[in-house]
Amino acid sequence: MLDPVRAKLKLVGVTAGAFAGGVLLASGLEWTAGSHAATLLQTTEQPSKSDVRPVAELSQAFISIAESVTPAVVAIETERSARATPRRGRGEEEGEEEGQGFPFPFPFPQQQGPQGPQQASGSGFLISADGYIVTNNHVVADADQINVVLTDNRQLRARLVGRDPLTDVAVIKIEGDRFPAVRLGRSEDVRIGEWVLAIGNPLDLGITVTSGIVSAQGRSLNNLLGSNAGANAGWAIEDFVQTDAPINPGNSGGPLVNLRGEVVGVNSAIASPTGYNAGYGFAVPIDLARKVADDLIRYGRVRRPAVGIQVTNVGPEDAEVYKLERIAGVVAQDFPPESPAREAGIRQGDVIVAVDGRPVQRVGQFQRMIATRRPGESVELEVMRYGERRRVTVRLGEAPTAAEAPQAARAETPAPAEGSTRLGVAVSPVTPDVARNCELQGQTTGIIVTEAERFGVGQRNGLLRCTRILAVDGQEVTDVAAFRRLVERKNPGQVVSLRVVFNGGQNGILNIRLPD
């Protein structure tokens with residue numbers, strides 16, 4: 001059985017052999033007579049220099065960038081014991097776990113014996129002349145040994161400086177000086193449609209350059225980084241730059257470079273049904289990677305600034321309720337204890353539309369804009385409060401290094417229910433039995449959802465069992481009759497705004513459009 005790379009190389013060899021045989025056969029049949037070929041060469045017109053000048057200039061730009069950046073790109077080879085248990089690297093906080101579960105085989109696995117160490121390869125790039133290298137967390141996580149291969153074929157042992165599963169960024173270091181280093185750009189300046197190059201070590205072939213464009217920004221990968229982060233999942237940041245530059249297993253940790261030769265992203269993942277390039281690659285924005293790498297080098301851990309607010313993306317229903325001009329921004333849902341945002345005057349239901357004058361489109365972007373700041377700094381948040389624009393200055397705190405995840409409520413035996421079929425849920429008063437089953441710990445205000453119709457409008461919008469409803473359209477509800485009356489007065493297609501407490505104890509607002 002051939003490994004994929006050798007199989008592909010063999011296929012290429014077979015194809016080349018067949019082509020050569022075809023040429024010989026054609027020659028035997030006089031299909032490639034010299035006189036005919038000469039005639040073709042004489043009648044074919046060469047394109048003018050002016051016709052090909054734009055393409056030639058782009059080609060020369062690619063050549064210049066490759067020659068400039070490639071010397072600072074490295075191949076990374078790791079070894080892990082076959083039965084290694086996950087261990088935390090410097091910079092990984094208690095309660096955090098490695099961001100495993102990538103739906104793509106990164107880093108690229110190499111052959112190994114059944115009892116031998118697990119070997120894999122990835123990429124990285126030098127950011128300083130004294131040997132600091134940025135790569136992905138998942139390239140070096142749990143590695144017992146890290147080796148770096150430079151473009152001049154030198155092989156050096158590297159040590160782990162620190163890694164951050166919540167952004168998939170890691171820093172390693174090789175000893176020495178006068179290493180070539182890349183220039184870091186600004187991912188904030190990246191535009192959809194601009195040319196970029198992806199440089200790395202795909203399929204363990206060696207340093208390779210591919211080209212494409214930035215095809216999208218602000219991509220989330222279904223909480224890929226937070227899915228294994230336990231109690232710290234809320235700190236995971238997914239705001240990837242998307243590119244169609246070919247990226248394959250082994251490219252992880254390599255640079256995404258713009259036409260000025262500046263690194264604008266750290267190649268991290270692909271979306272593909274096969275595990276190989278399908279035209280959708282994702283890179284960590286360099287503005288975020290720079291901040292994380294700097295923290296890992298300076299402090300050995302990531303000092304995360306905390307604005308102290310839980311947010312959700314603005315949807316069409318939110319825009320209608322909060323009187324927004326466009327469907328963009330993030331909605332303030334809940335606040336942890338000692339929240340800087342709440343102390344500064346942010347309220348539940350406020351829509352944050354800008355940070356320091358820069359528009360906010362979505363949650364991932366908002367998280368990244370805050371994450372690139374430092375604890376103790378101040379940011380100006382522009383918010384919309386039911387159509388009224390306000391500006392609030394918030395002094396950022398520092399995120400805790402550990403957290404305990406709330407236990408999920410069991411709610412196996414809900415009480416008999418009444419309720420509103422228009423929202424696809426059944427509700428009841430908060431009786432002692434319901435409070436016990438939902439582990440409410442004495443919280444009995446409002447009414448509670450005891451059943452949610454599968455795929456119903458309520459369930460699709462997050463209105464689930466054991467969610468307490470405190471208010472409808474700003475009016476507090478203390479019994480089922482009041483809830484039904486407030487919902488039933490709405491016309492089909494209108495939005496009902498619910499202030500709720502979710503199963504885990506978090507407060508929030510659900511804006512749900514009633515079905516026609």
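Predicted model: local features only at pLDDT ≥ 70, side-chain atom pairs only at ≥ 80, totals over all residues.
Local features were taken at pLDDT of at least 70 and side-chain atom pairs only at pLDDT 80 or more, while totals for chains, interfaces and linings use all residues. Residues are numbered from 1 along each chain as its sequence is written, and side-chain values rest on heavy atoms, with hydrogens and water left out.

The structure holds 1 disulfide, a term used here for a pair of cysteine sulfur atoms within 2.5 Å. The partners are Cys-438 and Cys-466, with their sulfur atoms 2.0 Å apart. The link joins distant parts of the chain, 28 residues apart: Cys-438 lies in the loop between helix H9 (432-437) and strand S24 (447-452), and Cys-466 in the loop between helix H10 (457-460) and strand S25 (468-472). Helices (H or I, at least four residues) and strands (E, at least two) are DSSP runs, numbered from the N terminus. An angle of -70 degrees about the S-S bond makes the link left-handed. Cys-438 is buried, at a relative accessible area of 5%, and Cys-466 is buried too, at 4%. Buried stands for under 20% relative accessible area (1.4 Å probe, protein chains only).

Helix H8, residues 363-371, is mostly covered, with 8 of its 9 residues buried. Among them are Val-363, Phe-366, Met-369 and Ile-370, as well as Gln-365 and Arg-368.

Asn-248 sits in the loop between strand S11 (240-243) and strand S12 (255-258). Asn-248 is buried, with a relative accessible area of 16%, and its side chain reaches the backbone nitrogen of Asn-277 at 2.7 Å.

Conventions: Buried < 20%, exposed > 50% of the residue type's maximum accessible area, 1.4 Å probe, protein only. Polar contact = N/O pair within 3.5 Å; in protein donor to acceptor, adjacent residues only side chain to side chain.
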